[in-house]
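Dear colleague,

My notes on it follow directly after.

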Amino acid sequence: MEILGQLIVSGIAVGMIYGVIAFGYQLTFATSKTLNFGQGEALMLGSLVGWSLVAVTGYLLMLPIVLAFGLLQGAIVERLGVRQAIKTKSEAGWIMATIALGIIFRNLAENIWGRDALKFPSPLPEAPLSFAGINVLPMELAIVVGAIAMMVAVEVFNRRSIYGRAVVATAGDRDAAGLVGVNTSLVITFSYALSSLAAAFAGVLIAPVTLTGATMGGVLGLKGFAVAIIGGLSSGFGVVVGGLILGITENLTGFYLSTGYKDVPGLLLLLLVLSLKPSGLFGKAAIKKV
Amino acid sequence: MNLFRRSLLAAAAIATLGATQALPAQAADPIKVGLSGPFTGGSASMGVSMRDGVKLAVAEINKAGGVLGRPILLVERDDEARNELGVQIAQELINKEQVVATLGYINTGVALASQRFYQEAEIPVLNNVATGTIISHQFEAPKAEHNFVFRTSAPDIIQSAMIAEEAVVRQGFKAPAILADSSNYGQLGRKDLVAALDKRGVKPVAEEKFNVGDTDMTSQLLKVKQAGADVILTYAIGPELAQIANGMAKLGWKLPMIGSWTLSMATFIDNAGANGDGAMMPQTFIQLPTTPKRKAFIEAYQAAYKIDRIASPVSAAQGYDSVYLLAAAITQAGGTEGDKIRAALEDLNTKVEGVVTTYDRPFSATDHEAITSNIPVFGVVKGGRVVPAHPEDLEGDKALRVKTKG
């Protein structure tokens, strides 16, 4: 029982990381029906910028700077890679453009920070807490709490503030939102900025547990994408659940089946969801009117 | 000596070189030696230490007048630990730069992919860090008439045997668990380890795998714990090894870790911090002045690169030694023709005093391994550094361990 509990608790911590990344995919998809395939790199950049700052500023003061950096980085991705594709209604231009920008960011990071894994100092004690025989790191709790807090903050912003409503309106119907005076292209830029902010925040949140480094974005970005597909790209709640499902399945498979097949069931689940409910477990089926 | 006699001698020298020889090299013509290793990327700490060790030796040799009166010129290339890039570099070094030999390779995969070009061009390769057992056997007779691949590092077959002996015999562990990454390095090492344990009559109670880049080791460690293991044997690289040590700390449980030499990587030591203390691994060189040569090497290295701790002392020392072995062979061969250097390496008649050991006929026609299992000792991580696990191993005349003749 203790082992099962331990596997689930660790799975939740990992799953929450996937969930936050997937949340970033979901943000830009909602407004522009495009994705930033450099989401993993946005996370990596946030994490490395945070790593450079944390020694000087301490963890708490570093956070707002990293968040601002994330906003800027996302806006740059949108302006350089996505805007033109949306303007010309290109179906695939943004895919290659965001992947290309991701590679550029990774090369940039390799040249600035090298490619070795770096230790990110933990703001919380590194000794585990024990609950009924189940151990958890304080930083893992912080990941879960921080991720939920950030997602709630973004949701509240979208529902309560006038700017947020512009985002929701654009997500609902871009043309109609444009007609009633919403600057939809600015909203899309903003959603990209917000999605990179989420990624950068995730980066500094998970780095004390996962180590940081220029190559950390690759696997995480991909897993986050799988989670976004499983949970549904149109559902903020879905990506959290999707993340938890993937994180917990991975751990259970690793223990009960074989650590050599740890990644397989999650991907099988992905294929299953794609064939049975392509819009994701919690996604709304999109009806495309022609 | 007057000018006339000097030019007469020169003319005679040219004549003895034979008519087939192209224009003879001028006295100051440098000897080009290739250097291939990852200077960026996950194995960069090993690659850069190796490169710096090589450069240090080359600088010393050139300062003392070079080899055959000619300076050594290094042609350095970063293979980024990528097989295809290593192949490209090998071809460039052979065809464009026309090197007389190449030193390097950290990664077994890159070595195996690249060295076939040297073999075909009959140019010797001295592997100074890569440990895959097969490396020096890839072109052994009868696969080829002459093998041009040599090695100055401790192959995995030696390391795995040492790990098994240390765990089972010296420390008396009964239930080892193996944790290895899913790369070639990890899985070939795991196979060697299982075989080495089998020889001691021990079967691992668990064999778990993970991917390079994995950050959560909970399920692997819980399986090890449930299997009732009393020691963890590892074959993986720095960052994931650190996740294993940190993962045990998270579970509030600790087993001793004994593994391949990569437990001495800075990325393990730094990222695991206190959790990594006590990890043990075979080392051909530990950064301690246990012999006068080692003392001189450490001081020269520290002065040249303005550092205190060498990122990968093993790589630096093996790289340094590989240059002196090559220089001795070129001197003995009296020229830079690949086949002559190979023949000289296989029959080296001068003792080469190196950092790792004193090389007394390190190679033969059938044996291209400079390191035998009596040379490495166990190191242990302690307070951010690797120190000898059993200090008595390096005491007195045991400090200098030379190759056993088979």
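In this predicted model, the contact between the two chains takes 25 residues from chain A and 26 residues from chain B. On the side of chain B that touches chain A, at least two residues each come from helix H2 (44–63), strand E7 (206–210), helix H7 (218–226), helix H8 (238–250) and helix H9 (266–272) of chain B. H7(B) gives the most to that side, with 6 residues. By class, the side of chain B that touches chain A has 14 polar, 6 charged and 6 nonpolar residues.

Chain B itself is assigned two domains: domain 1 (27–154 + 289–371) and domain 2 (157–283 + 379–386 + 391–398). Taken over C-alpha atoms, the centres of domain 1 of chain B and domain 2 of chain B are separated by 28 Å. Where these domains meet, 15 residues of domain 1 of chain B are in contact with 17 residues of domain 2 of chain B. On the domain 1 side, H2 and helix H4 (108–121) of chain B are the elements that give two or more residues. That side has 9 polar, 5 nonpolar and 1 charged residues.

Leaving aside neighbours within four places in sequence, A:Ala202 is in contact with A:Ile17, A:Val20, A:Ile21 and A:Leu43.

With kind regards

Key. Residues numbered from 1 in each chain as written. Chains lettered and ligands numbered in written order. Predicted model: local features only at pLDDT ≥ 70, side-chain atom pairs only at ≥ 80, totals over all residues. Contact = placed C-beta atoms within 7 Å. Helix = DSSP H or I, 4+ residues; strand = E, 2+ residues; numbered from the N terminus. Nonpolar A, V, L, I, M, F, W, Y, C, P; charged D, E, K, R; others polar. Domains from an automatic or database assignment.
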